[in-house]
Amino acid sequence: MLNKAVLPPGLSKERFAAALAEYRAIVGDQWVLVDLDQLTPYSRLMVPDDPLNHQPCGAIAPASVAEIQRILAVSNKYKIPLWTISVGRNFGYGEAAPATPGQMVLDLRRMNRIIEVDPVLGTALVEPGVTFKQLQDYLVEHDLPFWFNKPAPAPVVGPMGFTLERGMGYTRYQEQAQNFSGMEVVLADGSVVRTGMGGVENAKTWQAYRWGYGPWVDGLFLQSNLGIVTKLGLWLMKRPASHVTWAAGFADMKGAARAVEMLRDLRMDGVVDNGMVFHMSYGVALTQRRADIFKGPGAIPDAMWAGIAQQAGLTVWSAAGTIFGYPEQVKVNLAILKKSMEEIGGQFITEQQVSGPASIMFNNIKMITTNELSLEDFAIFNYRGAGGAWFAPVIPAKAEDALACYETMQRVLSEYGFDYIGGYMIGYSGRHFDAATILLFDRDNPEELQRASACYNKLVDTCAAAGYALYRAGTPLMKKTADIYGPAQKALNARLKSALDPNHILAPGKSGIA
């Protein structure tokens, strides 16, 4: 619980009160929040850090671009930093909390219109506050034959935030940053820019052709603090005629590493559209509390995981995914996939053949790789005690790198007494994998929280030293991660920041951009 208010950096209480009066004149009293109990949702953390390091001075919720422009004028006048969120559900990466204390959260969830969905091209134009559940309801209501790319806890998450953070999904589209076209962005001075074809009057292709003319600037607004995105064009996935979920079991990480290479080749050949390789610990963490299966010190030993797997009739490692297409295509590609996985020692099975404990795993895989929405993945935060932080370095799609990255992460996690819970998700081109693991800990245990924080930071340094840097960082790791990418990139980002936001009011510290 917060017990003391904070002010924007360098601003007196009197000046802040004057700014609040101007904010209230723009959006109304009820949409300017400064009481500590009102700010709790904006400073609550799952990641291992002190919430006081991320405590906002307030929150403001506009309902339109015009209100955002007026808010920016006030923020420039008083030099009040604004931390922008769409729906604020960046679970395991920092949620809604700002990177540094004293920022005013600019909460865009009231801007929640689905402006347009093209029923032929499968494009959607949405505002920041739209959720995946809202988008799914729209598609069902209008009987449109489309799916969307999404994270596991999709119902309460928004497609705009998911896209701007370069989130990884599980469908045919997978890397969400590959599947948008056109933005509307409000810059720090209040000017509005429509990227790509959006600058053309009466443009017909704003959501169909992403590049426009001249330099492609959309990338400047992903994982950045250079503007406020108020509209985003999404590419929807055409609903497949049929699909089959599959899995292949492997006894150890060496087999799993071979599966990484096999999925790479099959993805590059167009046989599979998605794929993951994961440790059984993820499924266990979804369904059981750690204290019920292990009470000893340190991380759960490999031998014990092997015993749990044997008892349940499972394997320690699995590759899995869903094949999409016309029935004839699915049949052919499934046969190729089965033969390929069995050649490298995989125990291959499809959803039609599954039974027993494996059914739980299959149901989860099918849910996340198709258009089903569920909050089941939130159960993972019960494994140890409400604390959880995603850690996701990128690796080349090679067996030696999959093995080396796993061993590096497991070594650091074990050093601090935490379990490896994660795996690998194939990238859009097949040439890389997202080596995601989730650090689960008890936030209510001060010693464990401190240990998790040290582990979280050491994972960044150790994996980077091995050549595997993060592609997406939680708020406590943003500066450290930016430092790893080198002084030239930091200097370039700083020059862009100073040019577009000279008063530095937009999300200071976001992605380490200061």
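This is a predicted model: local features need pLDDT of at least 70, side-chain atom pairs count only at pLDDT 80 or more; totals for chains, interfaces and linings use all residues.

Residues are numbered from 1 along each chain as its sequence is written, and side-chain values use heavy atoms, with hydrogens and water left out.

Helices and strands are named as DSSP runs numbered from the N terminus (helices are H or I with at least four residues, strands E with at least two). Helix α1 (residues 13-27) packs against helix α3 (residues 65-78) at an angle of about 170°, and their axes are 10 Å apart. Here an axis is a line fitted to C-alpha atoms, for helices over the stretch in contact, and an angle runs from 0 to 180 degrees between N-to-C directions. Angles under 35 degrees count as roughly parallel, over 145 as roughly antiparallel, 65 to 115 as roughly perpendicular and the rest as oblique. α1 and α3 are therefore roughly antiparallel to each other. In this contact (heavy atoms within 4.5 Å), the residues R15, A18, A19, E22, Y23, A25, I26 and V27 of α1 meet E67, R70, I71, V74, S75, K77 and Y78 of α3. By class, the contact of α1 with α3 comprises nine nonpolar, one polar and five charged residues. Ala, Val, Leu, Ile, Met, Phe, Trp, Tyr, Cys and Pro count as nonpolar, Asp, Glu, Lys and Arg as charged, and the others, Gly among them, as polar.

Helix α11 (residues 399-415) takes part in a contact with helix α6 (residues 253-268), where the axes come within 8 Å and cross at roughly 135°. α6 and α11 are therefore oblique to each other. From α6 the contact draws on M253, A257, R258, V260 and E261, and from α11 on A399, E400, A402, L403 and Y406. These residues of α6 and α11 divide into seven nonpolar, no polar and three charged.

α11 also meets helix α12 (residues 446-465), with axes that come within 10 Å and cross at roughly 155°. α11 and α12 are therefore roughly antiparallel to each other. T408, M409, R411, V412, L413 and E415 of α11 face C455, K458, L459, T462 and C463 of α12 in this contact. The contact of α11 with α12 contains six nonpolar, two polar and three charged residues.

Attention now turns to empty space. Rolling a probe the size of a water molecule over the atoms shows where such space is left. On a 1 Å grid over the protein atoms alone, a cavity is a set of points where a 1.4 Å probe fits but cannot get out, a pocket is an open set with protein on both sides within 12 Å along at least five of seven lines, and lining residues have an atom within 4 Å of a point. Grid points are joined across faces, edges and corners, and a volume is the space filled by probe spheres set on the points.

The structure holds one cavity of 30 Å³ or more. The largest cavity contains about 40 Å³ of space, and its lining consists of F132, L135, F148, N149, P159, Q176, L234, W235 and L236. Two or more of these lining residues come from each of α4 (132-141) and β10 (228-235). Seven residues of the lining are nonpolar and two are polar, with no charged residues.

The second largest pocket holds about 560 Å³ of space. Among its 24 lining residues, R166, Q223, Q489, N493 and S511 are the closest to its centre. α14 gives the most to this lining, with five residues.
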